[in-house]
Amino acid sequence: MSRSGGMTLRSPAGTLRVSSVFAGALLLWSVVMLISVTFYPHRTDFKRAPVLAVELPHSDAALEQALGENLTATPELTKEIHHVLEWNTLLDFVFIFCYTTFLVSFTYAIFPDSRIRWFRPVCALILAAAVFDCVENYQILKVIYGSHPVADAIRTPSEVKWILLGIIFLVDGILVAQSAIFGKSIGRIMGVLLALS
């Protein structure tokens, strides 16, 4: 922000540069998290993506299976699965920080001056998504550290998080499509892709 004649002026281009740094960090950390999941042991009794199976379990039994706590898993396999999921969940706290800072800075950069008063509610949605993501991680770690697996305790904050992120991407998509920052054609394409994601 800069001051001119007593008025505070925003610098969307400057904020966009900051958000691109956060986008780079987000991309880099995404790769780190993907690598961490590759250590999840191969299992013939389990076909789902392991992290999503833990984040969105449809039942307590499904959660136990994803955690390797079903009858077909040996204690060694269960311990190995817990170790991988523990590290992935701990890494996710950094990922939450990365996507929150990116979304806040990017959303601020694309908000038109005429509607800037609406930035705070959208920012609140971003922060709420991050909080629910942290609650989800806390519940996952509780189970890994020995609590009885309760699917609803993990699935509910996860579903709320995904709903909030969906709303945020829809809002950002509309704003990008209307923004002149990226040019009309590119802005519209980016806006549609963001809104559909």
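User: What does the secondary structure of the protein come to?
Analyst: Seven helices and two strands. Helices (H or I, at least four residues) and strands (E, at least two) are DSSP runs, numbered from the N terminus. This is a predicted model, in which local features need pLDDT of at least 70 and side-chain atom pairs count only at pLDDT 80 or more, while totals for chains, interfaces and linings use all residues. Residues are numbered from 1 along each chain as its sequence is written, and side-chain values use heavy atoms, with hydrogens and water left out.

User: In what order do the elements run?
Analyst: From the N terminus on, β-β-α-α-α-α-α-α-α.

User: How many of the residues count as buried?
Analyst: Of the 197 residues of the protein, 40%. Buried means under 20% relative accessible area, exposed over 50%, and partly exposed in between (1.4 Å probe, protein chains only).

User: Now H4. What span should it have, and how far apart are its ends?
Analyst: Helix H4 covers residues 75-110, and its 36 residues should span 52 Å at 1.5 Å a residue. The end C-alpha atoms are 51 Å apart, which agrees. The expected span of a helix is 1.5 Å times one less than its number of residues.

User: Where does H4 bend?
Analyst: At phenylalanine 93, by about 25 degrees. The bend at a residue is the angle between axes fitted to the seven residues ending there and the seven starting there.

User: And H5, what does its length come to?
Analyst: H5 has 26 residues and reaches 38 Å from its first C-alpha to its last, close to the 38 Å expected at 1.5 Å a residue. Just after H5, glycine 146 takes a positive phi of about 125 degrees.

User: Switching to rings. How many aromatic pairs are there?
Analyst: The count comes to four aromatic pairs. Rings of Phe, Tyr and Trp (its six-membered ring) pair if their centres lie within 6.5 Å; planes under 30 degrees apart count as stacked, over 60 as edge-to-face and the rest as tilted. One of the pairs is phenylalanine 95 with tyrosine 99, edge-to-face at 5.7 Å centre to centre and 70 degrees between the planes.

User: Where do phenylalanine 95 and tyrosine 99 lie?
Analyst: Both are in helix H4, four residues apart, about one turn of the helix. Tyrosine 99 is buried, with a relative accessible area of 7%.

User: What about tyrosine 108 and phenylalanine 119?
Analyst: Their ring centres are 5.1 Å apart and their planes are at 70 degrees, so this pair is edge-to-face. The pair links distant parts of the chain, with tyrosine 108 in helix H4 and phenylalanine 119 in helix H5 (residues 119-144), 11 residues apart.

User: Are those two buried or exposed?
Analyst: Tyrosine 108 is buried, and so is phenylalanine 119. Tyr108, Phe111 and Phe119 form one aromatic cluster.

User: What is in the loop between H4 and H5?
Analyst: Proline 112 lies there. Proline 112 is partly exposed, with a relative accessible area of 28%. Proline 112 and valine 176 are 64 residues apart in sequence and 9.9 Å apart in space, C-alpha to C-alpha.

User: Pockets next. How much space lies in the largest pocket?
Analyst: About 690 Å³. On a 1 Å grid over the protein atoms alone, a pocket is an open set of points where a 1.4 Å probe fits, with protein on both sides within 12 Å along at least five of seven lines; lining residues have an atom within 4 Å of a point. Grid points are joined across faces, edges and corners, and a volume is the space filled by probe spheres set on the points.

User: Which residues are closest to its centre?
Analyst: Of the 29 residues that line the largest pocket, those are Met33, Glu55, Asp92, Phe95 and Trp162.

User: Which element gives the largest share of the lining?
Analyst: H4, with eight residues.

User: Last one: where is threonine 15, and how far is isoleucine 110 from threonine 15?
Analyst: Threonine 15 lies in helix H1 and is buried, with a relative accessible area of 16%. The C-alpha atoms of threonine 15 and isoleucine 110 are separated by 9.0 Å, at 95 residues apart along the chain.
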